[in-house]
Amino acid sequence: MAAATRTEPWVATGSDNLTSLTELNERTLLASLKERYTRDLVYTDVGDILVAINPFRALPLYDKRWAGAYALPDVSGLAPHIFKVAARAYNSLVQAKRDQVCVISGESGAGKTESAKFVIRQAMDMCVSAGASHNIQQKIVELNPLLEAFGNARTALNDNSSRFGKFIQLIFQPNGRIVGAGLDQYLLEKSRVCVQGDKERNFHIFYFLFAGLTDEERRQLHLKNPSDHRYLNSYKNLIADCSSMEYRAAYAAVLESMRKVEFREEEISDVRILLAAVLLIGDIEFEGDKDKAAVKSKDVLTSLGALLQLNDTAELGASLTTLQSTTRGETVVKYYSPAKAGDVRDALAKALYSRMFYWIVMKINLCLQPEPSDEHLHIGILDIFGFENFAINSFEQLCINLANEQLQQYFNHQIFAMEKVEYAKEGLKDLEISFNDNTSVLNLFLVKPGGLLSLLDEQCKGVNGTDQAFVQRCKDHFKKHPNFTPHRGDGLEFTVKHFASSVRYEAAGFLDKNKDSLPEGVVSAIMGAGVKLVTLVMGKGFKTTRSQLKTSVHMKPSQRKSMRLMSHSRRATLTKQGRGGGKFLSVGSYFRESLELLMERIFAATPHFVRINISWEVDVLVWGSASHLQVEQFAVDGLLNLIPVTPILAHHLW
């Protein structure tokens, strides 16, 4: 039935679910989705999975009329929509008294963040009848402009790309009344603070800042024109953006959001100071020969010292150009090269910004946490980075792709493995269900000891560890592994065969990125600042390596058994190094634990899957080919794995 003949556009028809097709293969999957897309039907079900095609244009699908149509206790007779996913999750929470999770996946620019916002909005609209507090709802709404300002940036494909992963929990009483929220963040792309690619920008907040400051405020922060600051001047439309009314309004909205989630005026002032300090740090230049760096731009260092109220500006300059160590009571001073001094400078800027971001998330969580109760239920919304395969792939892409591997295994387990169990219960034990099991590649990364991340940690702990030694260790250890391909010669490249595609990684800088440490002299110098926020986030007591959500998860014995079977010998437990104070905890180790906690949370909940793809028009415009890229996207999403088990999904649905 064509959509135009429906009495209402949100009423379901048989063609809304592709499991109703008599033949489902790669060709019919693409053809059906494209035909629906030409009729502005951008949502389609494949079994219980919502597939969305982002049209990158406004469609009348999200107003109050549509939201109201899906705000029902039973939405089974309604057409596929992101509001339907939210309604199913909320209704299941209230009726089954069980936690829910919406797993939203897709490539960068596909629309994951906007979809997450629609889920949150619809869930909150549906709980109004349960007596939801308007104050709590308003605070949750303020999450997005604040997080997007500090955590999003313009990329080549997306004007508002999330540069971090997030897991948002909406917290409810058993009767469906919302009482709070919480947030965990993963892998902020802090390298963007210092370097942006072609046609890309730094985090939004820097441009909002310049648009919103008065001339006097800019002078007090020791800031110049935006184009005079090295961390910003690579963007061509810098001056126009930083003086636009749109960005001035965005800056005002950020300040209003901070106040609504209970940031004090002193804290807001300190955030401005820290943002300005990051830009000034980037303007520090060095001179000298390759064996002895010196600060060239002493005026910038002086301005930075005045801004941060440093006790000793000269100490900071010395810590950026030399490394001091004490052996047997004797102090040894080693000079950096100008290039190395630049690396230390950038590391300081990245540390300040990323720790401030973590502190902002912490403040949001403190504001939104409900009163303690044993009866809270949750709807989790996972909006995490999509699978990445660039011309150059580094440690960040390795972690991002590992997260996608973990989620793909969860997807496989929920859709395929559990269906096989159900069929076995019905006496169909001989039914073959084939899917791409990615356990092998997960073991490559996570098995302990002997996994890739463990080998990287070994090199980081050693005194003479190098990227070259790490790559050679991997070549020796994984020479017979089906998912690892070493490259010939002494280069630092290796290839991993992922569930979506093979990715070539360049391991230069892996050790430094995994350590993510600052020289003690730099930390000591910056701790002499008179700005409270700086000393707070740079202090030893400030913990960034922990979840901010509750860590205890109530799981049924069968759920814990399934979780153990998925992870078996590679369980990501931290040693005393990770639990104790001050000892080495690598980025990889922390990320591995974060994934473990995340999987526990979503494994204990009823899942709702949303797979978002970029539209055909955008494919042709950017890549010149639609069908090839769509197939690649469906491979990344894992949707092509569904084709062999269509009869099972149809049986489950009908």
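Is strand 7 (residues 178-186) largely enclosed by the rest of the structure or exposed, and how many of its residues are buried? I found 9 of its 9 residues buried, so strand 7 is largely enclosed by the rest of the structure. Buried here means under 20% relative accessible area, exposed means over 50%, and partly exposed is in between, with a 1.4 Å probe and protein chains only.

Before going on, I note that this is a predicted model, where local features need pLDDT of at least 70, side-chain atom pairs count only at pLDDT 80 or more, and totals for chains, interfaces and linings use all residues. Residues are numbered from 1 along each chain as its sequence is written, and side-chain values use heavy atoms, with hydrogens and water left out.

**Entry: the partner of strand 7**

I looked up what strand 7 pairs with, and 8 bridges join it to strand 6 (residues 165-172), running antiparallel. Pairing takes at least two bridges found by DSSP between two strands. The strands themselves are DSSP runs (E, at least two residues), as helices are (H or I, at least four), numbered from the N terminus. Phe167 has Asp184 in strand 7 as its bridge partner. The two strands make a hairpin with 5 residues between them, and Gly176 in the turn has a positive phi of about 95°.

**Entry: strand 3**

I checked strand 3 (residues 100-106) next: 7 of its 7 residues are buried, so this strand too is largely enclosed by the rest of the structure. In a regular strand the side chains alternate between the two faces of the sheet. On one side of strand 3 I listed Gln100, Cys102, Ile104 and Gly106, on the other Val101, Val103 and Ser105, and all are buried. Strand 3 pairs with strand 12 (residues 377-383) in the parallel sense, over 5 bridges. Ile104 stands opposite Asp383 of strand 12.

I found an open sheet with the order 13-14-15 and antiparallel pairing. Strand 13 (484-486) and strand 15 (502-506) are its edges, each pairing on one side only. The twist averages 25° from one strand to the next. Strand 14 (residues 493-497) and strand 15 share 5 bridges, and Lys497 has Ser502 in strand 15 as its bridge partner.

**Entry: helices**

Helix 7 (residues 204-212) is mostly covered, with 9 of its 9 residues buried. Among them are His204, Phe206, Tyr207 and Gly212.

Then I turned to helix 12 (residues 298-308) and helix 13 (residues 313-321), which pack at about 125° with axes 9 Å apart. That makes helix 12 oblique to helix 13. Axes are lines fitted to C-alpha atoms, for helices over the stretch in contact, and angles run from 0 to 180 degrees between N-to-C directions. Under 35 degrees is roughly parallel, over 145 roughly antiparallel, 65 to 115 roughly perpendicular, and the rest oblique. For the contact (heavy atoms within 4.5 Å), I noted Leu301, Thr302, Leu304 and Gly305 of helix 12 and Thr313, Leu316 and Gly317 of helix 13.

What does helix 13 do with helix 14 (residues 338-368), and at what angle do the axes cross? The axes come within 7 Å and cross at roughly 120°, which makes helix 13 oblique to helix 14. Leu316, Ser319, Leu320 and Thr321 of helix 13 meet Ala341, Val344, Arg345 and Leu348 of helix 14 in this contact.
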